[in-house]
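Student: I am new to this structure, and I would like to learn how to read it one feature at a time.

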Amino acid sequence: MLKLFLNRSIKTKIVWISVVVSLIPLILLAFLFYQTSTSLLEKTMVRNAEQNTAYLTDNLDKYFSRFTVSALQVYGGGFESIYDIMRNGGDINSDYTRRETLKNYFRLMQSQNDDIVKIIIYGKSNVLLDSFSRNSQFDPIQLEKDTPHANEIKNLPFQHTLMFTYNEQSVNKSLFVYGITVYDIYFRDKIGTVLFYIQTKDIQKMIEKYNRSPNVIVLQNSQSERFYQTSDAYDEAIMGYSVPYFPINQVKPEMSFNSHRTQLISKAYLDHGNIQLNIVYPSTELNKNRKYILNITLVILFVVILFIYLFSLLSHQYITKPIQLLGKTMKAVRNGNFSITLKVNNWQDDLSELSRNFNFMTHKISDLIESEYETKLRNKEAQIIALQTQINPHFLYNTLQTIGGRAVLNGDYEIHEMCSALGDMFRYSFYEGNKESTLGLELLHVNNYLYIQKIRFEEFLQTEIQVDEELVDSQMIRFVLQPIIENAIIHALGKTDKTQLHIIVTAKRDESNIIISVSDDGPGIEPQHLGELMTILDQKTLSVFSGISIGLKNVHERLRMVYGAEYGISIKSSFGQGTTVFITIPYVKRGTEHV
């Protein structure tokens, strides 16, 4: 694929690059736009669903709570005699007052809920005490043995209710049953049970009054039985009843999308947690809006890409034609025609500047060929200086001075000393003046470097410097000692059973030369590896300065380039005992020149 692209014309390359480079951010922006838009749509749907769920939950909870309130009125309000009969038993018909009280109780419960068609009251021992029917057609309704939950509904735990629907054969109607067991509120002893019967169609009418199509409402009792369901279209989306966290008044409705995000399902609790309400909100409109946004996004993306493609084609005459003309002229120069020139317009664009520079190049190329040797010498000088002038030190040095000053204000003098040492290193390393230095300045640079390293390695690094006083002012190039000491720390510290690394730096005069040694008591170098290392050092290379490395080979090449082939570094090492690097430079006092 890459070869196919490289073999194309520059016109094709520009078009391809323009389209591809623009396509990536455009696709990213289109994706973000689509995601953001669909996310806003989903949030809007969730917000509307939350409002609808809260409204429906509030109304249904009030409806079912009326049954509980009606049943528990036996605790007071003039109906204490009913509470006494439920607890202790007795014949209701034998006592006129009790009978009238019970009738009043039934009338009150019916007035509180017009949908009640039958009320049955059981005593403590599950004995039928009395019942009430709205009219005679509901008199046959009884809690028979074959009625669902016949025994369970009369023995519910404290504060629990049970509701279900079934078909009553005696009246040939579908009925909704709501049962609650009455307990002694102090000792939590069972007193009796109250059952309410309502026609299922009345429950449906009441619930659908608050529902909006195509939403589906599902009501479950504490046994995961669905006693009401608008539709069975989304059965797989409804989970069974789960016990709510208590206190129930702190449990908020939950909202969640299904795995395909095609339905929003809400879950809430009614009747003190005895009923679980689920509402399924199909995301039909949401899916339509998603598709609409996706189509709009794709259309816009296609139009923009088409515009970029056409614009790239139109720019051909202003970009590729001058480049093609330049290519033809360069071929002529390659064949030896240095008198050829390009027609340059008065524009200030890059191609015009390139044409002017090309004309200048052809005029000067003969002089450059004649001065090849001089150029090579200048390149060597530039290579040496390039290592020292890659970064303007003033900003770094001033920044370190600022950090050090703040450290002094905070009482942290160690950081101040580290910043000072590092600042001196930068100032020495990137000094834009003479590339020559002195042995004393080089040692001062090494001391700053070792100061920082000792803070890092603490007692694990020990150093010693022994230099004759007369050699301090002798000239030498920069960056000779520090790379070698750094190399010793990297490859020797922590590489043996010893906890400390000792580095000794010495400098002695040997007639017209100075021999500097850097010794360490590290693991040493294996003989085979040492031979390979010396071979690499002696090999000539044209890429020594192609990177920013200032290792052993870099130091060796720079010494030989500046002082001659007889100078440089040599290595002596005993495996398991340590390594010594010898640096040989000419002895030149400051102010004189090495010949």
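Tutor: We will look at a helix pair and then at a residue in a strand. This is a predicted model, in which local features need pLDDT of at least 70 and side-chain atom pairs count only at pLDDT 80 or more, while totals for chains, interfaces and linings use all residues. Residues are numbered from 1 along each chain as its sequence is written, and side-chain values use heavy atoms, with hydrogens and water left out.

Student: How are two packed helices described?

Tutor: Two packed helices are described by the angle between their axes and the distance between those axes. Here the axes of helix H11 (residues 413–429) and helix H12 (residues 439–457) come within 9 Å and cross at roughly 145°. Axes are lines fitted to C-alpha atoms, for helices over the stretch in contact, and angles run from 0 to 180 degrees between N-to-C directions. Helices (H or I, at least four residues) and strands (E, at least two) are DSSP runs, numbered from the N terminus.

Student: Which classes of residue make up the contact of H11 with H12?

Tutor: By class, the contact of H11 with H12 has ten nonpolar, three polar and four charged residues. Contact means heavy atoms within 4.5 Å. Nonpolar covers Ala, Val, Leu, Ile, Met, Phe, Trp, Tyr, Cys and Pro, charged covers Asp, Glu, Lys and Arg, and the others, Gly among them, are polar.

Student: Is Leu175 buried or exposed?

Tutor: Leu175 counts as buried because its relative accessibility is 0%, where buried means under 20% relative accessible area (1.4 Å probe, protein chains only). Leu175 lies in strand S4 (residues 173–183), and its C-alpha atom is separated by 5.5 Å from that of Thr165, ten residues apart along the chain.

Methods: Buried < 20%, exposed > 50% of the residue type's maximum accessible area, 1.4 Å probe, protein only.
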